[in-house]
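Grab a pencil and work through the exercises below with the structure open beside you. Try each task yourself before you read its solution.

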Amino acid sequence: MPNNVEDFLSTSEEQEIVEAIRVAELNTSGEIRVHLEQTCKGDGITTRALDLFHTLKMDNTKLQNGVLIYLAIEDKAFAIYGDKGINDKVESNFWDSTKDIMQLHFKKGDFKKGLIEGILKSGEELKRYFPYSDNDTNELTNEISKG
């Protein structure tokens, strides 16, 4: 596994992940982003995901339905953070099945597949609470951000 955030995924793998975000967002008005970082800075993975969520301005969606998939490469840790609009509607274990699918692939060293499966599952899960509508606009970029 490459330990450098820039070399973690190839350009084609990144394009496949961005395409998975586009496809997932066809199911939902929710906004999904992926952020990769070398190591988790701060007070733990969940706190760092929350900080990045605000830094990336993901809390500016109209329905408060942004989702951040955050991965700290060297720490071998990840988190899924959903905005208030999602958390107000879903049960507390809402992201568990998505995390389980991702972790299964991550343990095999297949990070691209884990991210893609997690993104697509997120879109499917969010569809129940935040279905896609014809007047939906893409409020956040689908590009992978890196720190």
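**Exercise 1. Find the element that holds Ala77, then list what Ala77 touches.**

Step 1. Look up the element: Ala77 sits in strand 3, residues 77–82. Strands here are DSSP runs of E with at least two residues, helices are runs of H or I with at least four, and both are numbered from the N terminus.

Step 2. Now check its contacts, where contact means heavy atoms within 4.5 Å. Leaving out residues up to four places away in sequence, Ala77 touches Ile45, Tyr70, Leu71 and Ala72.

Before you go on, a word on the ground rules. This is a predicted model, in which local features need pLDDT of at least 70 and side-chain atom pairs count only at pLDDT 80 or more, while totals for chains, interfaces and linings use all residues. Residues are numbered from 1 along each chain as its sequence is written, and side-chain values use heavy atoms, with hydrogens and water left out.

**Exercise 2. Work out the phi values of Lys76 and Gln64, and say where each residue lies.**

Step 1. Start with Lys76, which lies in the loop between strand 2 and strand 3. Its phi is near 50 degrees, a positive value in a residue other than glycine.

Step 2. How open is it? Lys76 has a relative accessible area of 68%, so it counts as exposed. The cut-offs are under 20% for buried, over 50% for exposed and in between for partly exposed (1.4 Å probe, protein chains only).

Step 3. Move to Gln64, in the loop between helix 2 and strand 2 (66–72). Gln64 isn't a glycine either, yet its phi is positive at about 50 degrees. With a relative accessible area of 33%, Gln64 is partly exposed.

**Exercise 3. Describe how helix 1 and helix 5 pack, and name residues that meet.**

Step 1. Read off the geometry: the two axes of helix 1 and helix 5 are 8 Å apart, at an angle of about 10 degrees. That makes helix 1 roughly parallel to helix 5. Axes are lines fitted to C-alpha atoms, for helices over the stretch in contact, and angles run from 0 to 180 degrees between N-to-C directions. Angles under 35 degrees count as roughly parallel, over 145 as roughly antiparallel, 65 to 115 as roughly perpendicular and the rest as oblique.

Step 2. Pick out the meeting residues: those in helix 1 include Glu16, Ile21 and Val23, and those in helix 5 include Lys112 and Ile119.

Step 3. Zoom in on Ile21 in helix 1. Ile21 is buried, at 0% relative accessibility. Apart from residues up to four places away in sequence, Ile21 touches Ile32, Val34, Ile119 and Asn142.

**Exercise 4. Sort out some of the salt bridges: who pairs with whom, and how far apart are the closest N and O atoms?**

Step 1. Recall the idea: side chains of opposite charge can pair when their charged atoms come close. A salt bridge here is a side-chain nitrogen of Lys or Arg within 4 Å of a carboxyl oxygen of Asp or Glu. The structure holds eleven of these salt bridges.

Step 2. Take Glu16 and Lys112, whose closest N and O atoms are 3.0 Å apart. Glu16 lies in helix 1 and Lys112 in helix 5 (residues 111–127), so their bridge ties together parts 96 residues apart in sequence. Glu16 is partly exposed at 36%, and Lys112 is partly exposed at 22%.

Step 3. Next comes Glu37 with Arg48, where the closest N and O atoms are 2.5 Å apart. Glu37 lies in strand 1 (residues 31–37) and Arg48 in helix 2 (residues 45–55), so this pair links parts eleven residues apart in sequence. Glu37 is buried, at 1% relative accessibility, and Arg48 is buried too, at 15%.

Step 4. Lys84 is partly exposed at 45%, while Asp88 is exposed at 53%.

Step 5. Finish with a network: salt bridges link Glu6, Glu14 and Lys146.
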